[in-house]
Amino acid sequence: MIKNPISFIIGIGFFIYLTDAKELLMANIVIGTAGHVDHGKTTLIKALTGIETDTTKEEKKRGMSINLGFAYLDLPHGHRVGIVDVPGHEKFIKNMVAGLPGINLVLLVIDAGEGVMPQTREHIDILTLLGVRNFLIVLTKVDTVDEELLELAVEDIREQLAGTPLEHADIVKTDAVSGKGIPELLKKIEECADKAQDEREDGSARLNVDRVFSVKGFGTVVTGTLLDGTLSAGDELTVYPSLKKTRVRNIQVHEQDVKKVTSHHRTALNLAGLTTDEIERGDVLSASNQLKPTWMLDVKVTCLKHAVAPITLWDRVRLLIGTREVMARAVPIGTDSIQPGEDGFLQLRLETEQVVVKERDRFIIRTYSPMHTIAGGEVLDAAPKKHRRFRAEVLESLKTKEEGNIADIIEDFLRHKRQYFTTAREIAEYTGLSQEQAQGEVDGLVQVGEIMKTASAYIHADVYKQIKGQAVQILLAYHQKFPLRIGMSAEEFRSRLHQKSNGEVTEKDISALVKLLIADGACKEKGNLISAANFEVKFTDKQAALRDKIESIVEKSGYTPMKKDEFYALDKEAESVVEAMCGTSVVQLTPEYVIYKKIYEKAVKVIYDYITEHGQMTLGDFRDMTDSSRKSSMLILEYTDSLEITKRVENYRVLGSYWQKN
């Protein structure tokens, strides 16, 4: 295996220059080049564009590229094509992976006198692993060989590239010095530009940072390829994994200020509120707040046919993804190993640091030491749970994600997501669909009953069914322990459900879940109490007699609330009976005090009538009307405050928002 295998062009987007209004037009295609060192990439680019990408003295002295070189090509039909020249050094593999989403076309550059070299094959392997499928083969330096040798070179190329994505690629014979074949190459590039698909996406803006520096008078500047969405000056962004916030002060593309930039293009961003110490290469900038740093990735990989070794359990590998290189351990799923030339599923468990990626992001895997490229593929789950290696449901889920059926992918996402509820926006971001497309898919799944809808989010029917069973069991266990209580307090019920989720579900989701359970008839709500749907308190004759006695005592107490423990001396079952009465014949004002329900309802009417007539009511007014003590009046009014029946303003009360809702 060669030590310096890579001589590639990174997929970095370039743009047509701005109009007078500074509107940005998207180039049709971005070109990358691949080829052995000294096969003429830089000279070819200069012949096409007139731009010298070898710019430093050291590069010119050595006659080879050291740094990234950028150029652009104006085609006859008016479109501008972005070109980047990248030196043939293995450390630039990281840049290649980061920039890949911008590549539409790769020019495989081959010296007519040398033919296909080992590096050339490895370049093809890596680009193929990263999903590139559009190639033109450019035979260079054709004037340096005779016609017979040229034909032999073409035959050799066809033979060696059989079975690869380049098998049927067009071959263009050129000589950059004489200009031979350059018009034909331009024509081929123009044809590709006409066929290129608009790759702009509707998701939230996302950019992998590959460079950070400071510009005097402007502050922090970062560069990278915009992977998703559209970014405009003034947009607010989150820096992952630090979660720091920043704002886009200015955007540049090809050294020109622009108002906005679309996905799959290279850009420089001037950021507000961040120092160069607060953001670094490998960080992710995004307008989304849904991204999460992860220590694990579920991936589909292809192991190269000529990989130095298979991928086996706990192999230590280098993962190149986004603009990061991290160390990881490989865990094959459903198999003991992935052999050279085979495809398979892996769970990658990261060792050194977390990454922030999305499903379908591409990556490269290299051996730890010595470094050789052995595999590549795409992310299927960007934040999975730890799997057992041979579980059928795990394999089924990974196959679903791999096959790419949108409805199945949405179902799988909702089925395995840590949070119960998911918004349409989250689904759109996960699938890469537009908001409108995602909503259409979701609506279809709701209609057939596969997922359920709340006011603002969705839950998979299977997940809900499982939670519903847990909720009913919680309530039944409570009723068995406290058969005379109407139900569990809503606060305790929500807390128990939250514990069942291992604390990974938000309070907002738990509240939405309780509403769904009640609406579905799985449980019922009475006041602030939750009970199983079919549960009813049943008193024995002795308990019923005790209940009647307690009701009589509380009723005679009138507007003076009574402590619950005052009844406990009546009978050993009195405590359970009093708890069962709360919410039915008595109202529990505080954990200690109760009042007869009809008396309480009479008090509410007194309050409403008085405030309606006078506009407000003091504690003294209520005390005088009910002929009760200050303490008793305070207990009642503080309870009505909690229900928003009344609202305290300084030393008086007015009607609360309850009356607007009812």
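This report walks through a predicted model of one protein chain, from its overall make-up to single residues.

## The whole chain

The protein chain has 662 residues, and 50% of them are buried. Its secondary structure consists of 19 helices and 36 strands.

The accessible surface is about 31,100 Å². Carbon and sulfur atoms hold 48% of that surface. Residues 24 or more positions apart account for 66% of them.

The model has three cavities of 30 Å³ or more.

Domain 2 spans 206–286 and domain 3 spans 293–394. Both give residues to the lining, so the cavity lies between these two domains.

## Helix α9, an enclosed helix

Helix α9 covers residues 424–431. Is a residue buried or exposed? The cut-off for buried is under 20% relative accessible area. Seven of the eight residues in α9 are buried, so the helix is largely enclosed by the rest of the structure. The buried ones are Ala424, Glu426, Ile427, Ala428, Glu429, Tyr430 and Thr431.

What covers them? The cover includes strands β25 (373–381) and β27 (458–460). It also includes helices α7 (392–403), α8 (406–416) and α10 (435–447). Just after α9 comes glycine 432, with a positive phi of about 80°.

## Aspartate 443, in a covering helix

Aspartate 443 sits in helix α10, and α10 is among the elements that cover the buried residues of α9. Aspartate 443 itself is partly exposed, with a relative accessible area of 34%.

How far is aspartate 443 from alanine 424 in space? Their C-alpha atoms are 9.9 Å apart, and the two residues are 19 apart in sequence. Alanine 424 is one of the buried residues of α9.

Tyrosine 420 lies in the loop between α8 and α9. Tyrosine 420 is buried, with a relative accessible area of 10%.

Leave aside its neighbours within four places in sequence. Tyrosine 420 is then in contact with Tyr458, Ile459, Val463, Ile467, Leu497, Lys500, Ser501, Val505, Asp509, Ile510 and Leu513. Strand β27 spans 458–460, and Tyr458 and Ile459 are among these contacts. Tyrosine 464 is 44 residues away from tyrosine 420 in sequence, yet the C-alpha atoms are 8.1 Å apart.

## Isoleucine 311, a buried strand residue

Isoleucine 311 belongs to strand β19, residues 311–312. Isoleucine 311 is buried, with a relative accessible area of 2%.

What does isoleucine 311 touch beyond its neighbours within four places in sequence? The contacts are Cys303, Ala330, Pro332, Asp336, Ser337, Ile338, Leu346, Ile374 and Ala375. Take isoleucine 374 from that list. It is 63 residues from isoleucine 311 in sequence, and 8.5 Å away from C-alpha to C-alpha. Strand β25 runs over 373–381, and two of the contacts are Ile374 and Ala375.

## Two cis peptide bonds

Tyrosine 240 and proline 241 are joined by a cis peptide bond, with omega about 10°. Proline 241 is in the loop between β12 (236–240) and β13 (244–253).

Another cis bond runs from serine 369 to proline 370. Here omega is near -10°. Proline 370 is in the loop between β24 (362–367) and β25.

## Two glutamates with positive phi

Glutamate 644 has a phi near 60°, which is positive in a residue other than glycine. Glutamate 644 lies in the loop between α18 (630–642) and β35 (646–649). Glutamate 644 is partly exposed, at 35% relative accessible area.

Glutamate 650 has a positive phi too, near 55°. Its place is the loop between β35 and β36 (652–655). Is glutamate 650 buried or exposed? Glutamate 650 is exposed, with a relative accessible area of 66%.

Key
Residues numbered from 1 in each chain as written. Predicted model: local features only at pLDDT ≥ 70, side-chain atom pairs only at ≥ 80, totals over all residues. Heavy atoms only, no water. 1 Å grid on protein atoms, 1.4 Å probe; cavity = no way out; pocket = protein on both sides within 12 Å on 5 of 7 lines; lining within 4 Å. Points joined across faces, edges and corners; volume = space filled by probe spheres on them. Domains from an automatic or database assignment. Helix = DSSP H or I, 4+ residues; strand = E, 2+ residues; numbered from the N terminus. Buried < 20%, exposed > 50% of the residue type's maximum accessible area, 1.4 Å probe, protein only. Contact = heavy atoms within 4.5 Å. Areas by Shrake-Rupley, 256 points an atom, 1.4 Å probe, with all protein chains shown as cover.
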